[in-house]
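Try each task yourself, then walk through the solution.

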Amino acid sequence: MFNRGARKLAASVAALLLLLSGCGLFGKDGAVKEIDPPQDVSYLEEGQSLQKTTEKQKEEKNVNKATETVKRELYLIDKNGFVVPQTVELPKTDAVAKQVLEYLVEDGPVSEMLPNGFRAVLPADTRVLGVKLEKDGTIIADFSPEFANYRPEDEKKILQAITWTLTQFDNVKKVKIRINGYDQDVMPVNKTPIQDGVSRADGINIEASGVIDITNTHPVTVYFVAQQGSNTYYVPVTRRVSNKEKDDIVAAVNELIKGPSYGSGLLSEFQPDTQLLGKPKYEDGKVTLNFNEAIYGSNKKNVILDHVLNSLVLSLTEQKGIESVAITVNGKANLVKEDGKTLSEPVTRPENVNAESF
């Protein structure tokens with residue numbers, strides 16, 4: 001009986017080995033292959049409970065998730081009253097549109113990250129009740145009744161800040177407002193029109209002084225420089241230019257050369273005698289500008305100032321279809337940046353405006 005049992009055991013072991021080799025746990029030569037343990041398996045030390053280990057894992061996952069951040073642009077109000085983009089690190093979330101609006105609320109989560117001289121735009125205690133994106137690219141932001149508790153002089157700034165903050169996302173084209181679930185055709189205090197939605201085409205920090213007949217003009221947005229202490233940042237300003245100027249690239253460059261309005265608190269490093277030599281060339285998203293030597297604005301040979309270059313790139317890439325800017329002087333591409341590097345390639349718009357580094 002013992003021999004018969006031994007034969008049965010040997011046969012069983014042989015069958016098991018054959019089965020295992022077919023499952024791939026053994027190599028063709030019979031060598032054992034190492035198998036990685038499952039990533040979600042925990043090995044308990046003596047006396048350690050499974051429940052405590054699972055709870056610890058959850059805590060670690062939550063901590064790791066909470067520390068994931070992403071850069072977003074929030075449009076805030078600076079010391080001069082301009083609506084200005086500031087790039088900040090926000091916790092990563094799927095509800096990005098709702099999140100950026102919540103970070104526009106005064107005394108809200110943005111309070112600890114506000115740059116000096118800046119303030120949030122939405123009234124304190126405002127809650128974002130919901131955000132809905134329509135197929136046509138219109139996003140509807142629904143706010144609690146506290147949304148209406150703002151100063152009349154802030155109304156357009158609030159509408160612009162909401163619009164430009166939300167339209168940083170490619171699939172958002174225009175913005176509509178609801179309060180407590182009800183559509184708003186106008187803003188609640190000064191009745192600024194909203195109608196079927198507000199877009200970037202409606203402008204930001206709009207300057208209309210000196211414009212006699214606004215019906216014969218169109219908007220162009222350019223970026224000037226502002227400074228708060230050691231912090232330098234770029235401010236978008238929308239101006240009305242004559243409809244006689246058919247080329248918006250030329251119009252934007254001319255407005256940059258003209259410089260900011262007196263008393264605005266904004267700065268420009270463009271030399272007043274800077275001129276475009278010939279018509280800008282546009283091809284496949286790249287625009288090439290040919291300037292006279294006044295574009296240098298520096299005693300150093302062939303050096304273009306950073307603020308001049310950045311203002312040009314931000315202003316022109318704000319226009320539809322323009323992705324990069326190339327600059328020549330008297331037809332030659334031999335410019336040098338302030339850091340000594342040759343400006344040999346077209347410059348693209350930064351992913352985030354007014355981040356720590358441009």
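**Exercise 1. Find which helices and strands supply at least two residues each to the lining of the largest pocket.**

Step 1. Start with the elements: strand 1 (69–77), strand 8 (217–228) and helix 6 (306–317) each supply at least two lining residues. Helices (H or I, at least four residues) and strands (E, at least two) are DSSP runs, numbered from the N terminus.

Step 2. Strand 1 gives the most, with five residues.

Step 3. Now the pocket itself, which has a volume of about 1100 Å³. On a 1 Å grid over the protein atoms alone, a pocket is an open set of points where a 1.4 Å probe fits, with protein on both sides within 12 Å along at least five of seven lines; lining residues have an atom within 4 Å of a point. The volume is the space filled by probe spheres set on the points, which are joined across faces, edges and corners.

Step 4. Of the 33 lining residues, the closest to the centre are Thr167, Arg200, Thr317, Glu318 and Gln319.

Step 5. Sort the lining by type, and you get twelve nonpolar, ten polar and eleven charged residues. Here Ala, Val, Leu, Ile, Met, Phe, Trp, Tyr, Cys and Pro count as nonpolar, Asp, Glu, Lys and Arg as charged, and the others, Gly among them, as polar.

A quick word on the source: this is a predicted model, so local features need pLDDT of at least 70 and side-chain atom pairs count only at pLDDT 80 or more, while totals for chains, interfaces and linings use all residues. Residues are numbered from 1 along each chain as its sequence is written, and side-chain values use heavy atoms, with hydrogens and water left out.

**Exercise 2. Work out why helix 5 is largely enclosed by the rest of the structure.**

Step 1. Count the buried residues: eight of the eleven in helix 5 (residues 248–258) are buried, so the helix is largely enclosed by the rest of the structure. Buried means under 20% relative accessible area, exposed over 50%, and partly exposed in between (1.4 Å probe, protein chains only).

Step 2. Name them: Ile249, Val250, Ala251, Ala252, Val253, Glu255, Leu256 and Ile257.

Step 3. Look for the cover, which includes strand 8, strand 9 (231–242), strand 11 (286–291) and helix 6.

Step 4. Check both ends. Aspartate 247 caps the N-terminal end, with a side-chain oxygen 2.9 Å from the backbone nitrogen of isoleucine 249. Just after the helix, glycine 259 takes a positive phi of about 90°.

**Exercise 3. Decide whether histidine 218 is buried or exposed, and find its polar partner.**

Step 1. At 17% relative accessibility, histidine 218 counts as buried.

Step 2. Its side chain makes a polar contact with the side chain of asparagine 243, at 2.9 Å. A polar contact is a pair of N or O atoms within 3.5 Å; within protein, one must be able to donate a hydrogen and the other to accept it, and residues adjacent in sequence count only if both atoms are side-chain atoms.

Step 3. Setting aside neighbours within four places in sequence, histidine 218 is in contact (heavy atoms within 4.5 Å) with Arg239, Arg240, Val241, Ser242, Asn243, Glu245 and Asp248.

**Exercise 4. Describe the surroundings of isoleucine 158.**

Step 1. Isoleucine 158 sits in helix 4 (residues 155–166) and is buried, with a relative accessible area of 0%.

Step 2. Beyond four places in sequence, isoleucine 158 is in contact with Val121, Leu122, Phe147, Tyr150 and Met187.

Step 3. Compare sequence with space: isoleucine 158 and leucine 76 are 82 residues apart in sequence, yet 8.9 Å apart from C-alpha to C-alpha.

**Exercise 5. Say where aspartate 284 and asparagine 354 lie, and whether each is buried or exposed.**

Step 1. Aspartate 284 is in the loop between strand 10 (281–283) and strand 11. Its relative accessible area is 71%, so aspartate 284 is exposed. Although not a glycine, aspartate 284 has a positive phi of about 50°.

Step 2. Asparagine 354 is in the segment after strand 13 (347–348). With a relative accessible area of 9%, asparagine 354 is buried. Its phi is positive too, near 60°.
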